[in-house]
Each structure stands twice: as C-alpha cells, then as structure tokens.
Amino acid sequence: MQSTTSSFWRDNRVALAFGALAVALAAMVRFVIPYEQEITSLWILLAKLTPQIAAFFAVAWLDVAWAQRLRLHLVAVPAVFLAFLCYFVPATFITAMDMADGKAVFEDLYLHVVVSVPFLMVALTLAYRLGGGSREGVLRTGAAMTILQMSGLEDLVAVLMNRNLDGIPEVWGWAHHITVRLGHVATREEAFAFIAVHVVLAVLALALPRRLFAALGSRLRRRTAG
C-alpha cells in the first residue's frame with residue numbers, strides 16, 4: 001500500500017505542484033492585485049492569466065493511468081459541473097437581480113462572468129485529459145483557448161448583439177485587454193486586425209505539426225546552454 005501511495009505522488013508530482021500554484025495564483029488575482037474591470041497595465045493582464053496557465057500545466061501532467069485506475073472521471077467531471085451549477089449559475093442570477101435593485105453595478109456582473117471563463121476552459125481540458133487526451137493536446141487547446149480569450153472576438157460579438165448600439169463603434173475604449181497591448185485605444189479597423197491575428201495564432205497553435213515545436217524547443221535549449 002505504501003509503495004502504491006508513493007507511486008501516485010511521484011507520478012503526479014508535477015500536476016500537484018502546478019495545481020497548488022494555480023490555486024495560489026488565483027488567490028493572488030482575487031485578493032492581492034486590483035479586482036476591477038479596468039486593466040491598467042500589461043503586467044496586470046499577464047498576472048490575471050497565470051492561474052489558468054498553471055492549471056493547464058497541472059491538467060497536462062496529470063497521470064492518465066492513475067486517473068483511470070481511480071476512476072477520476074466519475075468524480076472530477078460531475079464535481080466541475082456541480083461547481084458551475086451551484087455557484088456560477090445562481091451567483092449570476094443574484095448579481096443580475098442586485099443590479100436591478102440598485103445594490104450592484106455592471107462591473108460586479110462583469111467580474112463574476114469573467115471568472116467563469118477560465119473555469120470552463122480548464123474544465124474542458126480536464127475532461128479531455130481524463131478521457132485519455134494527450135499532454136500535447138491539453139497544451140495546444142489550452143493555448144488556443146487563451147489566445148481566443150484575449151483576441152477581442154467576444155467584444156466584437158457583444159457589440160454586434162447589442163441592440164442599443166448603432167453599428168460597431170469606431171473606437172474601442174472599453175476593451176482594456178487590447179488597449180494595454182497596443183499602447184493606445186484601438187480603432188475599429190485596428191480591433192478587426194487584432195482579432196484576425198489572434199484567430200490565426202489560435203489555429204496555428206492547434207494545427208502546426210509537432211516537429212516544428214520540437215525544433216523550436218531544441219533551438220531554445222541550445223541557445224540557453226550556449
């Protein structure tokens with residue numbers, strides 16, 4: 001029994017370390033750095049991405065053999081669903097009702113929904129990994145989803161769906177995640193180009209052959225060693 005237990009910890013040590021790191025980083029994002037809708041610097045934007053990135057690595061290094069032996073899919077997937085059903089869904093409704101009563105503002109709802117996005121992203125990769133998905137597949141899909149998350153595509157769809165707007169705004173002053181990376185508020189044309197570049201990058205993250213990533217890794221290791 002002791003040998004089996006030690007083997008579990010050994011085989012999952014990377015996943016457990018990244019999992020603990022993800023929790024610590026999530027606590028930092030929530031309670032240490034400014035918890036607000038506006039993103040004032042590139043560093044804050046990057047800091048807010050670190051919990052999900054650490055979580056992707058935790059999922060990628062989860063030992064599939066142990067997960068199958070423990071039948072983890074029968075526990076983890078329903079647990080993730082219950083977390084979404086019993087926290088994010090009612091909290092969304094409650095925040096929306098508080099807004100109607102004047103007890104909350106749009107920023108409260110925005111921050112709540114924004115937190116649910118990386119939760120779903122990590123949940124999807126976890127389900128993929130527990131189903132026997134590859135480590136490479138987890139990292140590729142995690143990277144692609146993160147790129148799309150930061151692309152501005154959601155902002156574009158939001159303005160297209162907003163009946164209160166007369167067309168797509170010429171200046172995207174609300175898209176702080178774009179502003180901090182461009183160094184200025186994006187115009188409509190710049191936003192379109194920004195989105196297009198990110199969509200292409202997401203497709204490349206999913207479609208580029210493995211040998212290109214291996215070659216890049218070898219080149220980086222040689223430069224580091226040199």
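Which residues in the largest nonpolar core touch the most other members? In this predicted model, they are Val 59, Leu 62, Val 122, Leu 126 and Leu 130, within a core of 15 residues.

- H3 supplies the largest share, five residues.
- Leaving aside residues up to four places away in sequence, Val 59 touches Val 122, Thr 125, Leu 126, Arg 129 and Val 138.

**Packing of H5 and H6**
- Helix H5 (residues 73–100) packs with helix H6 (residues 106–130) at an angle of about 170°, and their axes lie 10 Å apart.
- Because of this angle, H5 is roughly antiparallel to H6.
- The two helices, H5 and H6, cross in a left-handed sense.
- Residues of H5 in this contact include Val 77, Val 80, Phe 84, Phe 88 and Met 99, while those of H6 include Leu 109, Val 115, Phe 119, Leu 120 and Leu 126.
- By class, the residues of the contact of H5 with H6 comprise 17 nonpolar, five polar and one charged.

**Overall fold**
- Eleven helices and two strands make up the secondary structure of the chain, in the sequence order α-α-α-α-α-α-α-α-β-α-β-α-α.
- The C-alpha atoms fill a box of roughly 65 × 50 × 30 Å along the principal axes.
- Of the 226 residues in the chain, 31% are buried.
- Among contacts with a separation of 6 or more, 66% join residues 24 or more positions apart.

Conventions. Residues are numbered from 1 along each chain as its sequence is written. This is a predicted model: local features need pLDDT of at least 70, side-chain atom pairs count only at pLDDT 80 or more; totals for chains, interfaces and linings use all residues. Side-chain values use heavy atoms; hydrogens and water are left out. Axes are lines fitted to C-alpha atoms, for helices over the stretch in contact, and angles run from 0 to 180 degrees between N-to-C directions. Helices (H or I, at least four residues) and strands (E, at least two) are DSSP runs, numbered from the N terminus. Angles under 35 degrees count as roughly parallel, over 145 as roughly antiparallel, 65 to 115 as roughly perpendicular and the rest as oblique. A crossing is left-handed if the near helix is turned anticlockwise from the far one by less than a right angle, and right-handed if clockwise. Contact means heavy atoms within 4.5 Å. Ala, Val, Leu, Ile, Met, Phe, Trp, Tyr, Cys and Pro count as nonpolar, Asp, Glu, Lys and Arg as charged, and the others, Gly among them, as polar. A nonpolar core is a set of buried Ala, Val, Leu, Ile, Met, Phe, Trp, Tyr and Cys residues joined through side-chain atoms within 4.5 Å. Buried means under 20% relative accessible area, exposed over 50%, partly exposed in between (1.4 Å probe, protein chains only).
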